[in-house]
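Please walk me through this structure. I would like to start with its aromatic rings.

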Amino acid sequence: MSAATDALEAVLRAPDSAPRPARQRARQMLSVAWPVALLVAVAGAVRFVGLDAVGFNSDEAVYAGTAASLAGDRSLEQFFPVFRAHPVLFQTLVAGVEQTLGADSDWVARAVAAVVGIAAVLVTFALGRRLYGHGAGLIAGLFLAVMPYHVVVSRQVLLDGLMTLFVTVALSCIVRYAESGRAAWMFAAGSAMGLAFLAKETAVVVLGGLFAFFALTPWVTVRLRHVVAGLVPFAVLAAVHPLSQALAGKATAGSNYLVYQLFRPENHPMTFYASVVPWAVGILVLAAAIVGLVWLRRESTWRERLLLCWAGFPIVFFTIWPVRGYQYLLPIAPVVAVLAGRTVSRLVTLRALQGRRRAARAAVIAVATILAVSLAIPTAQQISPSSTGSFLAGTGGVPGGREAGQWVAEEVPANAHLLTIGPSMANILQYYGHRKVYGLSVSPNPEVRNPTYTPVRNPDRALRRGELQYLVWDSYSAGRSPSFSAKLRSLVDKYNGVPVYSGIVGSGTKEPVIVIYAVWPDP
């Protein structure tokens with residue numbers, strides 16, 4: 001064995017072989033490339049497997065419908081106009097990919113979101129590596145690759161995935177600015193934040209954390225001209241959204257939605273995020289991040305303060321904000337992953353492992369694997385098609401919704417109108433069924449109503465006049481709005497509703513999750 005090794009070394013040292021520095025660089029590049037390639041493979045596997053097993057949920061239907069409208073689909077433009085509530089950067093990206101591929105499907109639209117999610121994993125790896133070293137970066141990337149919170153959201157046609165990607169890029173640029181003090185990095189951060197705003201305007205919230213960081217960290221010098229260098233590209237890019245609406249004559253769409261968001265009633269209690277997000281990011285991973293902050297507190301620098309401000313401000317803001325959505329805190333996921341990666345990578349400094357290189361490396365790999373598995377198991381459970389008749393908005397597609405919409409497209413007359421319990425199922429049926437669908441729970445009061453939706457002010461009169469021909473009951477909306485579910489069932493009874501479609505999902509439900517009734521007024 002020794003002789004073979006000596007012979008190999010002799011060959012490598014031969015005059016006609018590559019120079020030693022070149023071989024070292026190649027080996028170093030390979031040592032970096034294969035773990036990153038593995039990260040991409042893992043992140044891609046959990047994001048692409050069974051990607052279109054279940055149809056869109058309400059938000060996905062809206063954004064996919066907007067993308068279709070941008071691509072020139074006239075059949076959906078009447079239901080999903082280009083200018084609704086949010087900027088359209090992500091929708092434009094989806095439309096561009098669909099036009100390039102010549103394919104318009106659930107899988108293609110979600111694949112765009114999945115690729116964005118994989119890109120976020122790579123950016124998180126780069127961020128962790130910059131802050132705490134190569135090992136910490138790889139572990140942080142691994143955690144985000146299999147984290148239920150990020151995986152579930154990045155498998156959906158939602159705006160938050162792209163917004164989180166650009167927000168994390170901006171955070172990486174701020175790190176480089178804090179290290180170098182160069183205005184170019186502040187300009188890059190402002191540009192990334194502008195793109196994040198164009199993905200979803202709630203990205204602006206993280207700027208509060210950035211301002212808090214600079215205010216609380218006087219030893220990180222920030223010059224006024226550097227602030228201007230960051231704010232100018234942000235302002236220019238952010239202005240694209242309102243300017244495009246104004247030029248299209250749709251300026252009131254954005255302002256009406258802003259008023260609605262400011263004054264709409266609370267949709268979840270203040271404890272919503274505290275009860276949901278820790279499990280979504282992983283209890284053990286979150287604990288590792290917190291333990292590291294305490295354990296390594298004597299080594300704390302501006303880096304930890306930046307990460308805490310970056311994540312802390314959105315947590316406080318959205319907890320107080322009355323409108324709370326499952327995916328709103330997604331930008332904190334990379335921060336949690338990086339802090340947890342830092343903790344695990346520093347296990348090598350434990351006194352019991354000092355001087356024992358192999359044992360220290362094994363300990364880090366073992367702990368990282370245990371934490372990754374603790375994330376991967378719930379992720380696998382959540383991305384599996386649900387067989388229940390209830391779900392939390394934002395956590396995945398709606399089982400049975402696509403099938404019901406396709407039935408509507410094939411069996412319901414083109415000029416027919418339908419009434420559902422709420423606008424969520426209405427969006428799904430409109431997307432797949434290409435029929436006008438109203439929501440019973442949409443308030444006639446414009447001050448508390450999403451301006452996108454049209455209320456049915458008097459359902460009884462609409463049914464008597466034959467303006468509505470079908471009533472749709474679904475278990476998902478019924479669970480959230482039992483009073484409106486009861487109202488719709490009373491209308492079914494009053495107007496001689498006959499079930500013409502029943503949707504049952506999986507083998508775990510005996511009762512249908514979606515029932516469509518044809519109704520006729522009394523003669």
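**Rings and charges**

The whole structure holds 14 aromatic pairs. Rings of Phe, Tyr and Trp (its six-membered ring) pair if their centres lie within 6.5 Å; planes under 30 degrees apart count as stacked, over 60 as edge-to-face and the rest as tilted. One of the pairs is tilted: Phe-56 and Tyr-432, 6.0 Å centre to centre, with 35° between the planes. This pair links distant parts of the chain, 376 residues apart. Phe-56 sits in the loop between helix H2 (20–48) and helix H3 (58–70), Tyr-432 in helix H21 (residues 423–433). Helices (H or I, at least four residues) are DSSP runs, numbered from the N terminus. Phe-56 has 0% relative accessibility, so it counts as buried. Buried means under 20% relative accessible area (1.4 Å probe, protein chains only). Tyr-432 is buried too, at 11%.

The model is predicted: local features need pLDDT of at least 70, side-chain atom pairs count only at pLDDT 80 or more, and totals for chains, interfaces and linings use all residues. Residues are numbered from 1 along each chain as its sequence is written, and side-chain values use heavy atoms, leaving out hydrogens and water.

Ring pairs also join Phe-56, Phe-80, Tyr-431 and Tyr-432 into a cluster.

Charges meet rings as well. The charged end of Arg-489 sits over the ring of Trp-473, 4.3 Å from its centre. Lys-436 lies over the face of Tyr-438, at 5.3 Å from the ring centre. Here NZ of Lys or CZ of Arg must be within 6 Å of the ring centre and within 35 degrees of the ring normal.

Terms used:
Helix = DSSP H or I, 4+ residues; strand = E, 2+ residues; numbered from the N terminus. Buried < 20%, exposed > 50% of the residue type's maximum accessible area, 1.4 Å probe, protein only.
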